Structures are given as C-alpha cells and as structure tokens.
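Thanks for coming. I will go through one structure today, a piece at a time.

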Amino acid sequence: MSVLEIKNLQVSVVTDAGNKEILRGVDLTIRSGETHAIMGPNGSGKSTLAYSIAGHPKYLITGGSVTLDGAGVLEMTVDERAKAGLFLAMQYPVEVPGVSVSNFLRTAVTAIRGEAPKVRTWVGEVKAAMASLNIDTAFSERNVNEGFSGGEKKRHEILQMELLKPKIAILDETDSGLDVDALRIVSEGVNRVKANSELGVMLITHYTRILRYIKPDFVHVFANGKIVEEGGPELADKLEEKGYAEYITA
C-alpha cells in the first residue's frame with residue numbers, strides 16, 4: 001500500500017513583477033488503488049499542483065509538504081521522484097529529437113528497475129503493451145513524440161506508465177485533444193495498469209467525458225488555488241450539469 005500525502009501545499013510562480021501565489025494550501029491524500037479526479041476551471045491551479053509534485057523548476061514551494069510512503073518528495077530531485085514511484089503524464093508531451101522511442105523506454109525502465117531488462121523478455125513486454133494501446137511497432141524507431149498526433153502522444157505516455165509501473169500516476173488533462181476512439185484506448189490503458197498494479201491515480205480534467213471510462217472514487221473541485229469541495233462520482237455529475245460558476249464567484 002502506497003500513500004501520496006499533500007499537506008497545506010503552497011506554491012508561487014516567479015514573474016517579472018515578483019512572486020505570484022498559485023496554490024493556497026492544498027490538502028489531499030491518494031492511496032494505492034484509488035482514483036481521484038481533480039476538476040476545476042482554467043487557471044484554478046490544477047496543473048500547478050501536478051508540476052509542483054513532479055518538481056518543475058518554474059514553481060516555488062512556499063509552504064506545506066508532499067510525502068510518498070513517508071519520504072519527503074519536495075526534497076528529492078526530479079529523477080529521484082520518478083524512481084520513488086511518481087509518474088506525470090503531461091498535458092502537452094514534449095518532442096525529444098534524436099532519441100528513439102525504443103531507446104527512451106529502455107533507458108527509463110533501466111533507471112527505475114536498477115538494471116537493464118533482458119532483451120528477449122523486454123521486446124515481448126514492449127510489443128504486448130504497444131498492441132494493447134493500438135500503437136504500431138514501427139513507432140519504436142521514431143524519435144520521441146516527433147511528428148506524433150495528439151492521440152499518439154497520449155498513448156505513448158500511457159505506454160510509458162505501463163512499462164515503468166509507478167506507485168502514483170498524475171495524469172494532467174490526458175483527455176485533452178483526444179477523439180472518441182483515442183480516449184477509449186487511453187482510458188482502457190489506465191484501467192489496465194491500475195487493475196494489474198493497484199496504481200493510485202490523480203486525474204486532472206475539465207470535463208466528465210473521461211470519467212465515463214475511468215471511474216473516480218473521489219472528486220475534488222479546484223478553484224482559486226485550493227480544493228473547495230469534495231465528494232464521490234456524483235459530484236462530477238453536478239459539475240456537468242451546473243459548471244464551475246458557483247466556485248469561481250465564491
């Protein structure tokens with residue numbers, strides 16, 4: 001059983017005009033096997049929460065703590081956070097020219113596992129994961145995300161997650177830019193990894209459509225840099241019907 005615990009997290013971003021406060025005291029606990037949907041309007045701080053946990057240098061932690069299984073995440077380097085079991089699927093996956101998908105995946109898995117996977121078993125593992133995500137094996141020799149469509153980039157991130165086997169996955173608007181078929185495939189991938197590993201999931205989204213495929217155990221409404229309401233799946237239905245207006249004006 002793994003636990004990601006966020007206590008009174010406060011985060012600012014450095015601007016030319018000085019530090020701008022984004023997160024104003026976030027408390028959240030995610031355990032193995034749980035799916036937490038983080039929902040809220042644009043600019044509410046959802047992505048800031050994700051990138052702050054992952055260690056993006058743009059964000060300045062001004063208060064609070066983040067622990068994974070009792071270990072202080074904020075004191076770790078970015079690679080140490082990944083090795084500890086944190087995974088971030090980005091809203092806009094970046095291109096990595098000159099690095100093939102196959103080399104990227106094997107290097108990442110080697111770093112996480114502490115040793116290089118045996119070639120014979122590794123090839124089978126990758127092919128099986130790619131097939132389940134409808135990824136052509138020819139993608140292995142292409143540069144990471146270079147020339148990929150939006151759906152291909154998101155499927156590649158779920159492929160990474162399936163092979164790296166993290167404890168906690170933070171999915172930042174994974175549904176963004178996906179058509180219906182790609183959304184289903186990506187969602188099935190998340191559900192498969194979760195079922196096989198008791199993965200804990202933080203799913204950041206504006207919309208409820210992905211929640212039809214990935215069923216949340218808990219829904220948290222994010223507004224003005226903090227969680228302003230919490231509930232079960234029924235809360236997502238309320239947001240679908242009424243939107244975020246009442247939280248923005250609160």
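Where is the place of N145? N145 sits in the loop between β8 (143–144) and α5; helices (H or I, at least four residues) and strands (E, at least two) are DSSP runs, numbered from the N terminus. This is a predicted model, where local features need pLDDT of at least 70, side-chain atom pairs count only at pLDDT 80 or more, and totals for chains, interfaces and linings use all residues. Residues are numbered from 1 along each chain as its sequence is written, and side-chain values use heavy atoms, with hydrogens and water left out.

Back to N145. Its phi is near 65 degrees, a positive value in a residue other than glycine. N145 counts as buried because its relative accessibility is 4%; buried means under 20% relative accessible area, exposed over 50%, partly exposed in between (1.4 Å probe, protein chains only).

E198 also has a positive phi, near 60 degrees. E198 lies in the loop between α6 and β10, and at 47% relative accessibility it counts as partly exposed.

Now α6 itself. Its 18 residues, 180–197, should span 26 Å at 1.5 Å a residue, and the end C-alpha atoms are 26 Å apart, which agrees. That expected span is 1.5 Å times one less than the number of residues. Among the buried residues of α6 are L183, I185 and V186.

Last, the sheet. Four strands form an open sheet in the order β2-β1-β4-β5, with antiparallel pairing; two strands pair if DSSP finds at least two bridges between them. The edge strands, β2 (18–31) and β5 (71–72), each pair on one side only.
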